[in-house]
Every structure is written in C-alpha cells, then in structure tokens.
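Colleague: Hey, can you walk me through this one? I'm new to reading structures.

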Amino acid sequence: MKLEIAKIIFGFLSKRGVKLDKDSIEKLIEIPPNSEMGDFAFPCFVLAKDLRKAPQQIAEDLAVEISKSKNNFEKVQAQGPYVNFFVKRGNFAEDTIKTILKEKGKYGMGTQKGKVMTEFCHANTHKAFHIGHTRNISLGESVSRILEFSGLKVIRTNYQGDIGMHVAKTLWGLLNLKKIGLKEPTKDKGKWLGLVYAKASAMAKDEKINAEVNEINQKLYAGDKKLIALWKKTRQWSIDYFEKTVYPDFQVKFNRFYFESEVEKKGISIVKELEKKGVAKVDRGAVIMDYQEQGMGIYILLKSDGTPLYSTKDLALAELQNKEYNPDKILHIVASEQNLYFRQLIKTLEFYDKKLADKEKHMSYELVILPSGKMASREGNVILYDDTLAKLISLIEKEIKQRDSKISKKELDTRARKIALCAVKYAMLSQDIKRTIVFNEEEITRFDGNTGPYIQYSYARASSILKKVKQKNFQKFKVGELEKHEIELSKKLSEFGDVARDAAEKYNPALIAHYSYELAQMFSEFYHTCPVLQDEKKKDFRLALVESFRVVLKNSLNLLGIETLEEM
RNA sequence: GCCCCGGUAGCUCAGCCUGGAUAGAGCACUGGCCUUCUAAGUCAGGGGUCGCAGGUUCAAAUCCUGUCCGGGGCGCCA
C-alpha cells in the first residue's frame, strides 16, 4: 500500500521538478497516530525548501490534486503539513485477509538471496549452563529464523570451548574431589560438572593450585593419555546434557558443532605464520599483536608457555568455517564483554585473509544480571538453567491452577513447561540487545502485561473461538461496514512483512517481539468489542479475521522460537 | 587513565539509526465493565524539566560537543 501511495506522490512531484525517488518517498510515508486522521500519511516538510512554500500549503495543494485525479482511495485530505490517505477499508481488509489465508506460514516472507552462518550458544563443556546462556541461544535461534524468513540460507553453528584453562580447572577438581568436597553423582552429571568447575575455579586462586592447573592444561594440549581419557568421558557428559535438554527446549538444530579442540593446532600454525611475516611479535615470551596506537590494546595470540588461547583458536575457526560453507557473512553472537576482543580478532584476520575478515560480524548483546549483580560461573554466582526453569514452571502452574482447578496433572505439566519457555524467550528477546536484563522470575511469568504468557493467551482465545465452529473454510466472506477495531487489526496484520524485513536488516528480534505484543493487544481490543459468533451478519468476516490473526501471530512467534498453544 | 554501552512516568521498558501531528506501553495506584466467544481481558483517570549544560535547525527524546551517574572492557580466562 505504501508503494502505491509513493507512486502517486512521485507522479505529482516529478511534474513539479522535485527530485525524490519512489524508494525515499515510500520511506517517508507513515501511519498517523490514530485512524481518524487517516490510514497513511505523507509529511511535506522535506519539500518546503525545493518548492519554496510552507509545508502546510504543499500538503493542501497535493491533497486537492490527488483527490481530483483517478485513484483508489476513499478520501485524500490535508491536515496541517500532512497529506492523509484514507484507504477503501473494506477492500483493504479483504485483500489483506485473503492474502494471509492463502500464504499462511509464508505470509510476510522476503526474497533475499545469499548465505549466512550464525554462530551461537557457545556453551562450554565442563561448565554450568546458566540463565545468561538463554539470552544467547534465544537470540541466535531467533536471528537465524528471521534471516531464513527473509529468504537467506542460514547455517547454524555452535562453537564450544571443550579445551582450555576452564577445562583444566574442572579436570583438576575431578582429580581432587576430596579437596573440593564433592562426590560424583549417579545422574545429572553434566550439570554436576558446573559445580566442580566453580569449586575448582575458586581454589585456583591459590598460587600453588593454579600452577597445578596450568600443568594439566599443558599436559592436555600435549596429549597425555590418562587426562585425555578423563577429558573425553566428562566432555560427553556435558554434550549429552545439552542435547537432551537445552537444544530441544530452544528448538535449535545446529548444522555443525565446532570445538576448540579441533582448531587448536591449526591456530598455532597461523600464529607462527603471522610471526614469520613480522605481523605478530614476541613480548615477554608471549606472541602478541600490538594495537595500542589504534587504541585497541594488546592482543595475545599465544601464551608464553606455548599453549593456545581463545584468540589462537578463533583464527583457525574463521578459516575452517569459510572453507566448509563459504558463507557471505559469519555472524558471531557473543556478549558485549568481548567487544574489544572481536575488534582485535577481525583486525588481526585482516592481515591473514582480508576477504574473510570482511565477512566477520560480531553481534554483541549485553549481559543478563541477577538482582544481586553480575553472574559469573567462575565465582559460582549463577543460577543454573535447570533450576530456574523449574522455578518458572512452578510459578506458572500456580497461575494455571487458580483458573482451572480440574486440569489433569499431565496437561498441567506440558502446558506449564511450554509457557515457561515462552516466558523466558520473550523476556530475552523483547528487550534491546544493548540493554542489560535484570532477570526477574516473577515479572516474566506474569499472565498480564507485556509478557510471553499474555501473548499466548490472546492466541489461545482466538483458537477457542474457532474450535466452536464446524465450517473451517474461511475464504468465503463479505466485508460490510468496518468497525474501528476491525480495520485496525487488519492494518496491523498487513504490516507484518515490513516488520520482518526490518528485523532481518537490523538483526533485531525485539522488533518482532514488540510487534507480537501490539498485535495481541489489538486482538484483545477487537475481541472485547466485536462478538464473533453471536453476530450472524458479521460472523464469516470476523471468523476470517480471527483466523488471519492466528496465522500472523503464529508466524511472528515462530520467528522468536516460541511455540503456540491452542489452550491456556 | 583510555575505549564501548546505558541514563525517558514510582518501577520495568518502547521511541533515537532515518529530527516533525498531543513523548508511548506494561506493572503499581483510582474508578467503570462478566445471564454474551477463557475478566489471564477491556474502558477511563492521575503520574514525564526525555540525566545536566551548551550548539545545529523553521522544528531536538532523536543530530553534534562537553559534563555527571551506572555497567562492561583494557597482556597470558573464554
């Protein structure tokens, strides 16, 4: 619709010699604050200079001319400096609904071409999976879905730290269980490793113990058989845990799992090559890149004892990812703590492979903190994913039972779990990535307000209406006079494609989250004022509108990785 | 000390990229609406020097500069 308006305006402007292309005009078109003012509006401020007239006058002139010409609008009128367009609302609603019902899950899809690799989750083995990781995995999966929906081919990858100092600490802990005061459990071993890590990490602050940990690290890189056996066994515990709980909960299917252990050797050889080229230099025994003059500090490529670092391995990873999939872009979804690190990494890659460096992009997001402050698995100040989810589920079960005391235990379990996951994902995605999230269990599980559960509820109500009708063919309907909430809901539905495109361009799931919420709110308003089943004359049209709402909200939530529920 | 990010209603957040029509939601608070499709809803109301100070502009929450407050980062963790 915006494009249509842009074309008309373009016609009139080019007659007056104004150089403004259709695209720019389309971008200027906005939706008025309320529908009584119009359905679309074109602001005339930008034209004032070229036409040497007040924007109010220009709007007046344009509105008169457009009204006189042949067009598809109900009414075109000026209001102050704006030209306001009123669409033929019946036709508009009918077109929108018919398109949605025809395209269903594909409604709103884009036509982008290309291949993007997303890299997220990054849950390290031998360490706890905590609530902070859920922001990462929610963002990663959502961005992947949004990009896919825009038409791109997406390769999902997970890069896991299965070797390095943190693993050495956990292994030290496992070898010194008595000292850290832990016993090996019979189940939940993956989760238990997180505890071992936290305890060992705290003790490694002691100089002597830290030396022992370093020795383990060196031995592990050197291939010590006994250590390797213990490492392999426990690494599997972590992997099993992720595969059984985390990935299904977040509905992620990775195309490729990269491990630090598979790129360490190549990493070292790349560093040696950079050193030989004279790009990297040795300082205090370590190999470094000196970016102090660019205000980017020192980037350490290799420790003085010759063992590799995260940086060493990342260089080789970039090359491997590129070789295997040759994507147009590699999107690393990593917390903002590593902003400087990624600038250094990409800068260093430029010396090694400029083209590859240009593909690299760091999608940075702020941390999740607890009301008590920052989480750090090194400090043991974390809330584990499992424990938190259990807490959320129990909060939600309480809410459900208050409203439905007869619900079966089994139904309660599955429903509460789905709602809890919805609540977490919505909380993680609805806030701007640049803002720190203070994780509050009570707030995000509320059934009212701007929460996942509220949105689910509006979907469930829509489904509940449709359950009461036998006839499921919604294509046949007549649009009569439209009520305010009917046209507003239709307009909102028609915006979905624009929102999805914008979200893909900006790698921004929050835009989809906000849209979902606004759409749910509009449905609630419609639901309140427009009875669907009681009004025989309106029934067919309203059923079609309700079904369209379900389709679009489902698409929208799907982009957030959230599953819809038919009942709540 | 240097670099990055945030500072909008009592609280949690949109809006800032791309400056324009009365600065929007939610929670909390006050008052309506259930013999009608799930009241987990909806309607109405009170509540804002958009951190502060300059500047640019016909027009600034939005752009620029400075400053204060909070968070993160800055050589052998990832």
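Colleague: Where does arginine 52 lie?

Modeller: Arginine 52 sits in the loop between helix H3 (47-51) and helix H4 (55-68). Helices (H or I, at least four residues) and strands (E, at least two) are DSSP runs, numbered from the N terminus. Arginine 52 also has a positive phi of about 55°, although it is not a glycine.

Colleague: Why point that out?

Modeller: Because most residues other than glycine have a negative phi. Aspartate 188 is not a glycine either, and has a positive phi of about 55°. You'll find aspartate 188 in the loop between helix H8 (177-180) and helix H9 (189-203).

Colleague: Is aspartate 188 buried or exposed?

Modeller: Exposed, because aspartate 188 has 11 other C-beta atoms within 10 Å.

Colleague: Before we go on, what kind of model is this, and how is it numbered?

Modeller: It's a predicted model: local features need pLDDT of at least 70 and side-chain atom pairs count only at pLDDT 80 or more, while totals for chains, interfaces and linings use all residues. Residues are numbered from 1 along each chain as its sequence is written, and chains are lettered from A and ligands numbered from 1 in the order in which they are written.

Colleague: OK, now the sheet. What order do the five strands come in?

Modeller: The order is S6-S5-S4-S10-S11, in an open sheet with parallel pairing. S6 (256-259) and S11 (360-365) are at the edges with a single partner strand each, so one side of each has no neighbour in the sheet. On average, neighbouring strands here are turned by 25° against each other, direction ignored. Axes are lines fitted to C-alpha atoms, for helices over the stretch in contact, and angles run from 0 to 180 degrees between N-to-C directions.

Colleague: How many bridges join S4 to S10?

Modeller: Four bridges join S4 (residues 115-119) to S10 (residues 329-335). Two strands pair if DSSP finds at least two bridges between them. Methionine 117 has isoleucine 330 as its bridge partner in S10, and glutamate 119 has histidine 332.

Colleague: And S5?

Modeller: S4 pairs with S5 (residues 153-160) over five bridges, in the parallel sense. The chain gets from S4 to S5 through helix H6 (residues 131-149), in a right-handed β-α-β crossover. Right-handed means that, with the strands pointing away from the viewer, the path from the first strand over the helix to the second runs clockwise.

Colleague: Why is S4 largely enclosed?

Modeller: Four of the five residues of S4 are buried, so the rest of the structure largely encloses that strand.

Colleague: Switching topic, which residues of H21 are buried?

Modeller: In H21 (residues 496-506), they are Phe496, Val499, Ala500, Arg501, Ala503 and Ala504. They pack against H6, H20 (484-494), H22 (509-529) and H23 (536-559).

Colleague: Last one: what does tyrosine 457 contact?

Modeller: Leaving aside neighbours within four places in sequence, tyrosine 457 is in contact with Phe447 and Met568. Contact means the C-beta atoms, placed from the backbone, lie within 7 Å. Tyrosine 457 belongs to helix H19 (residues 452-467).

Technical notes: Two residues are in contact if their C-beta atoms, placed from the backbone, lie within 7 Å. A residue is buried if 20 or more other C-beta atoms lie within 10 Å of its own, exposed if 12 or fewer, and partly exposed in between; C-beta atoms are placed from the backbone.
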